[in-house]
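Hi there,

Here is the structure I promised to pass on to you. Have a look at it first, and then read my notes below.

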Amino acid sequence: MAYGAGVSIPVIPGYTAGPERTNLATSWKRPPGEYPEQLWPQDYLVGIDPDPSSWLVVEENAHGVANQCGRGCVLIHQGREDSALADTTWVGRDLGDFGVWSTSDGEAGYDDGLTNDDGGVLSEFFVQVRQPSGSTVPQVDVSLPFLWFWDAFSVANGWHYVSASGREHELIRYEVSDQSWKVEVRAQELRTFLKIYRKSALLQVDYVTKVKEGDFARVDDDYNSDWAHFDFYAIADFLMASDRRSMSRVCGQYVVKGLNTARRPRWEEFQSATEYPEFIYGVSPDTGQLLTHTCDPDRLGTYFDETSTRVHYLTPVYFRRAVLQDYVAEPSRYEVTPFHLSCLGLWGVDISINSVGLIEVYLGDIGRKIPHEEWGHWRSHNVPPEGKMEEGRFRRDFLGQWADSPDPIGDLRRARERANDAAAKRFGRPLWRELPSDLGEQYRSLMGPLTDDPSAMIGPLLIIAKVFVDGLDSKLLKEVGGGAGKGEQSLSLLKSLLASLGDEADSSKVLRDLYAVRSRGGVAHLSNSASRAVLVQLGISELGPIAAFEAVVMKVGQSVAVLADLLEQDGASK
């Protein structure tokens, strides 16, 4: 599409051009000559850029019919870039290889493959792909200081790291086969590392193009600047054994320098925020307009202010419960309770749930304890105040009193632990088996529905069913019950055990009802008629998802507490 003069259009990657960037294609014009157009690799030169911002190829070996390419990368000291670029010959060729040497004069030593001296140009190992003896696939080696800097961990075909917020980011990715490979690194992370490490990256390139056309005069050219040094030549009818007999070659090196980018190591992230966002904290009684204020802790009031003119650090800010959804969805990374949210020991913030089910966080804690990478997520769930602060938190935080807060899920966990301890003392092992690691993580971060969508109850109810029904030790129940009838299931055995201990109220009925919801498709199909009948038995058919889940938790918790009481009383009487 053509645009007339004076028309402003956005930059659309791959379709419209933005401001011209410095790269080898824009800096080095096609050398004159009568050689085929394809021998000047214009598109390939675009990727040779001193200021990369996305993925950067640092190691490559590729062979195609029309092209072949090799790339490498070593590190050099800041300030020595000119010396490294004095020639197009790659420096650091001996890096990545351990060698032992000796002389006829009796001297001996070794080269560790980590550093190299090429005529006064000191280089340091960064990356290589090698084929060790006995391995069927080449191995990727990467500078350990770089991996340590980002506290990186290996994943399939690469390395990742987590930021201070606990979010996982790609750092290195690679594709490797027995004959070809390519290793790429995130450019911003590399440049941040180089800046602090006081090194520059020397990227090395060797690119060959082959064509069938021939019969032209040889062309030679070179490009030499403060960031790159490359040679180019094109030769006709040189590859006699190939049907593509003419070729060109671009070979040389270029520098990528360190830079303070947006990607920061974890230890700097909490101090790297430059702009603190504003959050809704109230509604003006005069105008009805929303009141907002920055979460910058240094601009908030404290108990030591002489007046109350500043918005206080401990001003509660409110969020929809769905703000916790992302965290609950990753229980291996985040631990969520009604009182605290934390991530891998990297960060944590106190929360609470107020009288209308909103999540409460203090304004100052948002700026000080929640990483800036998370602020946008929290802002998207920020709502005006409604309801009353949870009483236990108010008494603890503002009155300095010892006060508990309602914690039905915590009560449920504690009842299970108490019942298991009592069973272990009475029968020699716990009543519920140890949970698989993934289910254990989900159980520890169990929060219940986070929206009013009925489907939001499916996952939390399923976790309770797995823990309290599927997790029963049926072998133990059969042993302590003196055997089981043909086809008798765990819940029936549990009912018999409770009855033998003196339970007259059939306390395990709630577990049978819960299992019935699940087995009749109720967890996946809460609307079918059979499941609705069981929901009536559970007493939750007319409740919304959040209230219904809390009711189930309390009923199951009370049932398990009764079981614990009976086991403890029975054990004490023996």
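In helix α12, the buried residues include Leu 439, Gly 440 and Tyr 443. Buried here means under 20% relative accessible area, while exposed means over 50% and partly exposed is in between, with a 1.4 Å probe and protein chains only. Helices (H or I, at least four residues) and strands (E, at least two) are DSSP runs, numbered from the N terminus. What do the buried residues of α12 pack against? They pack against α11 and α13, where contact means heavy atoms within 4.5 Å.

Before you go on, please keep in mind that this is a predicted model, in which local features need pLDDT of at least 70 and side-chain atom pairs count only at pLDDT 80 or more, while totals for chains, interfaces and linings use all residues. Residues are numbered from 1 along each chain as its sequence is written, and side-chain values use heavy atoms, with hydrogens and water left out.

Next, the cores. A nonpolar core is a set of buried Ala, Val, Leu, Ile, Met, Phe, Trp, Tyr and Cys residues joined through side-chain atoms within 4.5 Å. The largest one has 52 residues, and Phe 146 and Tyr 254 have the most contacts inside it. Strand β13 (residues 199–211) gives the largest share of this core, five residues. Leaving out residues up to four places away in sequence, Phe 146 touches Phe 126, Leu 171, Ile 172, Val 185, Glu 189, Leu 190 and Phe 193. Another core, of 47 residues, lies apart from the largest one, and Tyr 443 is among its members, as are Ala 465, Ile 540 and Phe 549.

Now to the aromatic rings. There are 28 aromatic pairs in the structure. Rings of Phe, Tyr and Trp (its six-membered ring) pair if their centres lie within 6.5 Å; planes under 30 degrees apart count as stacked, over 60 as edge-to-face and the rest as tilted. Tyr 327 and Trp 347 have ring centres 6.1 Å apart and planes at 75°, so this pair is edge-to-face. Tyr 327 sits in helix α7 (residues 325–328) and Trp 347 in strand β22 (residues 347–350), 20 residues apart, so the pair links distant parts of the chain. Both Tyr 327 and Trp 347 are buried. Trp 432 and Phe 468 are edge-to-face because their centres are 5.7 Å apart and their planes at 75°. Trp 432 and Phe 468 are buried too.

One aromatic cluster has Tyr 223 and Phe 230 among its members. Tyr 223 stands opposite Phe 230 in β15. Six bridges join the antiparallel strands β14 (residues 219–224) and β15 (residues 228–235); two strands pair if DSSP finds at least two bridges between them. β14 and β15 form a hairpin, with three residues between them.

Enjoy exploring!
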